[in-house]
Amino acid sequence: MNKRTKIIIAVVVILAILAGIVIIYRNTHKTAGKESLSEEFFAMDTVMQITLDPTDETTKSPDEIMTELRDVIYRMEREFSVTDPDSDISRLNSKKGEWITVSDDTWELIKKAIHVSEETKGAFDISIYPVVKLWGFTGSEHHVPTGSEIDDVLEDVGYENIELGSVDGENDVRLSSRAPGAMIDLGACAKGYLSDVLCDIIRSYGANGIVSLGGNVQTVGVREDGRPFVVGITDPLNTDSLYDKVECSDGAVVTSGNYERYFEENGRRYHHIMDPKTGMPAESGIASVTVMGPDGFICDAYATAIFVSGDEGAKDFVSSHDGYTVLVIYKDGNCRWYGK
């Protein structure tokens, strides 16, 4: 490993710690005459890092695979963006009551998000975007809104206002005209969906690897010695240290925490994970939620939902989703495992 590689890895580890998860093990060996390849870049408002580890069965070079992965990331970033006026989401948000034709990935992701909203009784809701904007978490100017301001925007919040359809055989979505202020944002689940797609591509070419998208880590295969990868979970009360480590092979580890994005005013901290029922930062006594399992989207969406709904949400989730584990860390430093 040369000096430049060491510096890049150190920077990625530091940034990943701040996001909630840090990879403890990164593979840089040679297999079948092919070197592993790591690449770091910025997309979807977060630092992304991908490591590809070729095996004897790998059918493309790491450079070719990485190029394909990079193209997918930037394409989905354009489709899912709430700031790009030409994105699927921006077009949808700006044209209430109109059917908007969107990409296959946008349509599928919205469909999946609505399903989670139904399962969690609204604890997860991509239509929370007007509330997030009101609090200033979409820009640099934060704002503690009044009760009346919150009530006004909550009138347009509700996943029931998102309609899926097919007009002329196309993937079409519209926001109901009965909610003129309705807007959606896929930020709470887009990286989980993206990591699933990226890992499927890596797997299709017979390679192993790690995909790290901010607080989302997903792995394909195992380490060279056959053991699982090891992923560390940041202590939400002391983000310079780890709270625990977990093994992960062909699975995802996703954390949502109150330390990721927040601001302070008059001695009180306000974090960005909003409760769709109150329009306020979720108050469940939780500092962070880590969901582990085979599906990156499920881990991502439910990490947010459980943070909002608390212990009951964690219990309901593991009882209805086989193969998943949840670690809840509370504000007092204690923790509880569900499904372990």
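Begin by selecting Glu264, which lies in strand E14, residues 262–265. The model is a predicted one. Is Glu264 buried or exposed? Its relative accessibility is 54%, and exposure is assigned above 50%, so Glu264 counts as exposed.

Which residues have the most contacts inside the largest nonpolar core? They are Ile110 and Val326, and the core comprises 73 residues. Helix H8, residues 296–309, supplies the largest share of this core, with ten residues. Apart from this core lies another, of 13 residues, which includes Val131, Ile150, Phe263 and Met274. In soluble globular proteins, nonpolar side chains tend to be buried together.

Centre the view on Ile110 and display its surroundings. Beyond the neighbours within four places in sequence, Ile110 is in contact with Ile89, Leu92, Ile126, Ile162, Leu164, Val173, Ile184 and Leu186.

Now select strand E9, residues 208–213. Six of its six residues are buried, so the strand is largely enclosed by the rest of the structure. Asn208, Ile210 and Ser212 point one way from E9, whereas Gly209, Val211 and Leu213 point the other way; all are buried.

Strand E5, residues 46–53, runs antiparallel to E9 and is joined to it by six bridges. In this pairing, Ile50 has Val211 of E9 as its bridge partner. Strand E10, residues 216–220, also pairs with E9 in the antiparallel sense, over five bridges. Here the bridge partner of Ile210 is Thr219 in E10. E9 and E10 form a hairpin with two residues between the strands, in which Gly214 takes a positive phi near 65°.

Two packed helices are described by the angle between their axes and the distance between the axes. To display the contact, show Ile298, Tyr302, Ile306 and Ser309 in H8 together with Asp311, Glu312, Gly313, Ala314 and Phe317 in H9. The residues of this contact divide into five nonpolar, two polar and two charged.

How values were computed. Residues numbered from 1 in each chain as written. Predicted model: local features only at pLDDT ≥ 70, side-chain atom pairs only at ≥ 80, totals over all residues. Heavy atoms only, no water. Helix = DSSP H or I, 4+ residues; strand = E, 2+ residues; numbered from the N terminus. Buried < 20%, exposed > 50% of the residue type's maximum accessible area, 1.4 Å probe, protein only. Core = buried A, V, L, I, M, F, W, Y, C linked by side-chain atoms within 4.5 Å. Contact = heavy atoms within 4.5 Å. Pairing = 2+ DSSP bridges. Nonpolar A, V, L, I, M, F, W, Y, C, P; charged D, E, K, R; others polar.
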